Structure formats: C-alpha cells, structure tokens
Amino acid sequence: NVRRVVIFSEKFRSIAMYDATSGEFIYSNGGYWELNGDVITETIEFDTNNPHRVGEIVSFKIEINKNTLSIADANWNFRKIDDGSPGLLKGAWLMSARFRNGKKQTRSVNTPRKTMKILSGTRFQWIAYDTEKKEFKGTGGGTYTTQNGKYSEKIEFFSRDDSRVGMNLGFDFSIDNGYWIHKGKTSKGDPLHEIWEKRKN
C-alpha cells in the first residue's frame, strides 16, 4: 500500500511516500537536480529521515522510457502520471508573501528557510524546511485542478495531521506578473491569502 510519488520541475524535485489507503505519511526528500545522459545528480535540500544528508550531492543511474523511469540501485520503478498538463501551475514555487489581519507580510525567497510548492500537471506537494539548520517543518500533497480561476486540492497525505487526508479544498487563484495569488481557507477553516513566485535557484 505504499505509494511513492515523484514530482520534477525544471530544476527541483520532491518525492513523497505514504500509505495509499490511510494517507499516513512515511517519508520525503528532495532538492536541486540535473540529468547528464543516464545519470541524475542531486543536491539534497530536505530529507525527513536523514537530515544529515542535507547539502550532500548524490548521483545515480536511471533508465527512462516513454512512460517509465527506473532506479536500478533502489529497485524502484515509476510510471509517468502526466506531461505537465492540464493544470496551469506546473513548476516549483516559493511563498514570498502572505496577508495576516489584512496586512501584507513579505518574506525573502533567498533565505535557508523555505516553503516550496512543487506541481506537475495534476499533482502537488508543499514542503517547509530550513537548509541551514537541516530542519524539516512539514509537508502535504495530493492532486489538484485549475479551472475558471479556481484551484482545487484533494489531500492524499499531510505529515502534521492524518485527519486532513481526503479533504477537498477550493481556492481562488490568478497569475499576476508571474506571481501566483492564492486565496481561500485553510484545512482548519482559517482565512488564507498567499503570494507565491516561481523558484529560480
């Protein structure tokens, strides 16, 4: 019942492992990646089981076919879920601002403390972590859609609270000058207004 989902953006990657039935969170890691021939080289930015790996550079061979990706050393085989569509938000994003009590609070995206959301065409994962302290703060993910200015999530795992698994959340969204404007309510029902920007480095 263990489901492993990997999301790749142009430069960044995450993997989440969780119980496909209960949604119980098991493991996640990720960071910067690049492909040379059949070798992936990664710089680890977070690892929920092995925080000492943060900052390490690792390389391993993969085999890619039309709809599959295999890692021989780990005996892991993945099937392609989507090609970056139909969702409109594919890529890696960093939270750069949020509104609290009507006041905008900005945050630099160039600090070690990051809240990143990475999306394919159908799936999302958010991760909060600190590369300097090698700390993992939390993660969650599942599937999403973008239709008529509405961004909708179905939560499949949430490291902080398994009771949120299965929830469907709806938000208003728009892209303004490259920024993702995200409005709605949290899974607790609290007002939410966030601004995200595409991650560059």
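1. Let me start with a loop residue. At 80% relative accessibility, Asn148 counts as exposed (exposed is over 50% relative accessible area, buried under 20%, partly exposed in between, with a 1.4 Å probe and protein chains only). Asn148 sits in the loop between S13 and S14, and its phi is positive, about 50°, although it is not a glycine. Strands here are DSSP runs of E with at least two residues, and helices are runs of H or I with at least four, both numbered from the N terminus.

2. A word on the basis of these notes: this is a predicted model, in which local features need pLDDT of at least 70 and side-chain atom pairs count only at pLDDT 80 or more, while totals for chains, interfaces and linings use all residues. Residues are numbered from 1 along each chain as its sequence is written, and side-chain values use heavy atoms, with hydrogens and water left out.

3. Asn75 lies in the loop between S7 and S8, has a positive phi of about 55° without being a glycine, and counts as exposed at 63% relative accessibility. Please also check the loop between S8 and S9, where Pro86 is found: the peptide bond from Ser85 to Pro86 is cis, with omega near 10°.

4. Now the overall picture. The protein chain has zero helices and 17 strands. Its radius of gyration is 17 Å, close to the 17 Å that the globule rule gives for 201 residues, so the chain is as compact as a globular protein of that length (the radius is taken over C-alpha atoms, and the rule is 2.2 Å times the number of residues to the power 0.38). The C-alpha trace spans about 50 × 35 × 30 Å along its principal axes, and 44% of the 201 residues count as buried.

5. Which strand is largely enclosed by the rest of the structure? It is S12 (residues 123-130), because eight of its eight residues are buried. Arg123, Gln125, Ile127 and Tyr129 point one way from S12, whereas Phe124, Trp126, Ala128 and Asp130 point the other way.

6. S12 has antiparallel neighbours. Seven bridges join S11 (residues 113-119) to S12, and eight join S12 to S13 (residues 135-147); pairing requires at least two DSSP bridges between two strands. Thr115 stands opposite Ala128, and Arg123 stands opposite Thr143 in S13. The S11 and S12 hairpin has three residues between its strands. In the hairpin of S12 and S13 there are four, and Lys134 takes a positive phi near 55°.

7. Four bridges join S7 (residues 68-71) to S8, and Leu69 has Phe78 as its bridge partner.
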